[in-house]
Amino acid sequence: MQDTDAFPFDYIIGSVHYLGVETVDLGPEFYKGKDINEIYVNYFNLVCEAASTGLYDIIGHADLVRIHRFRPEEDITHLTA
């Protein structure tokens with residue numbers, strides 16, 4: 001990763017698009033046959049990890065995992081804390 005101070009950006013946006021080597025926003029096929037609850041847990045863990053690095057001024061579309069309308073069956077509100 002490069003030193004972000006070397007660039008004259010007004011702000012830096014971080015976002016999570018990938019879980020492993022697959023992108024969550026490419027198409028619904030990513031979700032089919034997988035544990036949706038686990039996908040949400042892994043996704044939000046990565047969002048929190050990205051935010052905690054201090055590299056970004058803004059976390060963009062932190063809910064991108066919802067893009068294809070697959071929803072967890074469990075209560076996931078604890079993942080936002």
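I looked up Tyr11 and found a relative accessible area of 48%, partly exposed (buried is under 20%, exposed over 50%, partly exposed in between, with a 1.4 Å probe and protein chains only). The model is predicted: local features need pLDDT of at least 70, side-chain atom pairs count only at pLDDT 80 or more, and totals for chains, interfaces and linings use all residues. Residues are numbered from 1 along each chain as its sequence is written, and side-chain values use heavy atoms, without hydrogens and water.

I placed Tyr11 in the segment before strand 1 (13–14); strands are DSSP runs of E of at least two residues, helices H or I of at least four, numbered from the N terminus. With Ile13 and Ile58, Tyr11 forms a nonpolar surface patch of about 290 Å² accessible area together. Patch members have over 30% relative accessible area and no salt bridge; nonpolar side chains (Val, Leu, Ile, Met, Phe, Trp, Tyr) are joined within 5 Å, like charges within 9 Å. Areas are from the Shrake-Rupley method with a 1.4 Å probe, and for residues only the protein chains shown count as cover.

I then listed salt bridges (a Lys or Arg side-chain nitrogen within 4 Å of an Asp or Glu carboxyl oxygen) and found two. Lys34 lies in the loop between strand 3 (22–23) and helix 1 and Glu22 in strand 3, so this pair ties together parts 12 residues apart in sequence. Their N to O distance is 3.0 Å. Arg66 and Asp63 form a salt bridge at 3.1 Å, N to O.

Last, I checked Asn37 in helix 1 (residues 36–52). Asn37 is buried at 14% relative accessible area.
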